[in-house]
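Morning, everyone. Please have a look at the chain on the screen, and I'll walk you through it.

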Amino acid sequence: MQHNVIMGQRPLFQPKGGMGAITAPVNMVNEKVTKKLNEIIEMFETGNLPPAVARTIIAKDLPRPSNSWSIGNKMLMSLQGTEDARGFKQWQEVNRWVKKGAKAIYILAPKKRTITVTVLDSETGEKNKEKRQIITGFYQIPVFRYEDTDGEPLPARQEYKPPKLPPLQDVAKHFGVDVIYAPFDGRSYGFYSWTGGKKIVLHTHDIRTWFHELGHAVHNTFYTLRNGQVPEQEIVAELFAATMCELHGIHGFHQYSWDYIKSYTGNDPAAAVQTIFQILSDVEECILRVMAVADIPALKIS
Ligand SMILES: [Zn+2]
C-alpha cells in the first residue's frame, strides 16, 4: 500500500486507514525524505524486509586489579607513569615477573577498626550505641609497574570507540551532545540522557543504535522528552534510525526496527503503523533538523 506522506504540513496526523489531504510538497529535499519514509513504512507493512544482521555489543575491558582502587591510588599509579600496576604475585598469576632491580611503588590501603560509639538522639534524648568503622592509619602495599615486568604479553587494551566513527557526528556536536562508548552493562545497547548535560552512551558499535539515540537527542531539540521508555518517543527515535540507516545504505537493521516499534503497540502491526502516522511529523522535523546541520549524500538534489 502506498501512503502519501506530505511534508511541511502540521500536524500530520492520519487516522487509521486514511490517506489525508494531498498538497504539494514544500520542496524537493522534503520530497526525497518523504519518499524514503514511504518506502520504509511500506517495508514494515508488507513485512518485506532485508535479512537482518547480527547485533553486537562492546565487550568489557580487561580486568586489572587497579580498576577497583581508590582515586588516590590510581593517581599515585599514574604519577609513576603507568596504567597498570600489580603486586608481585598478581603479576605471576598472568605469567609475568618483576624485572631484577625494579623498585616497587607504594599504594595505600586503610587500616580499619570497628569501634562502638554512644550517639545522642536529638529528638528523643535517648543515648544509643552504634558500631562504626574508623580508619586508624594506612598500610603501604608494594606494587610494580607493568613497564618493570617481563613475560607473556597481556591482551591488548580495549578501545571502546569504533575504529571509524559513524556518520552524523557533527549533528551531536552541533546540539551539544557528548557521545560516549562504554562496555555493555547487561541492560541496554545505549541511551540518551539530558540531565546534567546531554549525552549519548553507546554499548554497541551497531549504527542503528547510534541513529536511534541521536534521534532522541534531535527530537529533544524541539520536544520535551519524558523519562523512561515512552512509546511515542521510542517510535520517533526508531523510525528516525530506520530512515537514517536506509539513507546511508544500511539495510540489515530494518527487521529489528520494525520489531522494536511493534513491541510498543502490543505487537499489533496495524496499531504500529497507525502510531507511526501519528508521530510522523516529528520524525520529519528531526530529519530536517539533521539536514540543516549535516550533509546526507542520498538527500542531495542532483
Ligand atoms: Zn530509545
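First, a term we need: two strands count as paired if DSSP finds at least two bridges between them. Strands of a sheet pair through backbone hydrogen bonds, either parallel or antiparallel. And keep in mind that this is a predicted model.

Now the sheet. Three strands make up an open sheet, in the order S6-S8-S7, and the pairing is mixed. Which strands stand at the edges? Strand S6 (178-181) and strand S7 (190-193). Each has a single partner strand, so one side of each is left without a neighbour in the sheet. From one strand to the next, the twist averages 15°. Look at S7 and S8: they run antiparallel to each other, paired over four bridges.

Step back to the whole chain. It has eight helices and eight strands. Of its 302 residues, 25% count as buried.

Next, the largest nonpolar core. It holds 41 residues. Among those touching the most other members are Phe 211, Leu 239 and Ile 276. Several elements each supply at least two residues, including helix H1 (28-46), strand S8 (199-202) and helix H8 (269-293). Which helix gives the most? H6, with ten residues.

Zoom in on Ile 276. Leaving aside residues up to four places away in sequence, Ile 276 touches Ile 41, Ile 235, Leu 239 and Ile 261.

Definitions and conventions. Residues numbered from 1 in each chain as written. Predicted model: local features only at pLDDT ≥ 70, side-chain atom pairs only at ≥ 80, totals over all residues. Core = buried A, V, L, I, M, F, W, Y, C linked by C-beta atoms within 7 Å. Buried ≥ 20, exposed ≤ 12 C-beta atoms within 10 Å, placed from the backbone. Contact = placed C-beta atoms within 7 Å. Axes fitted to C-alpha atoms, helices over the stretch in contact; angles between N-to-C directions.
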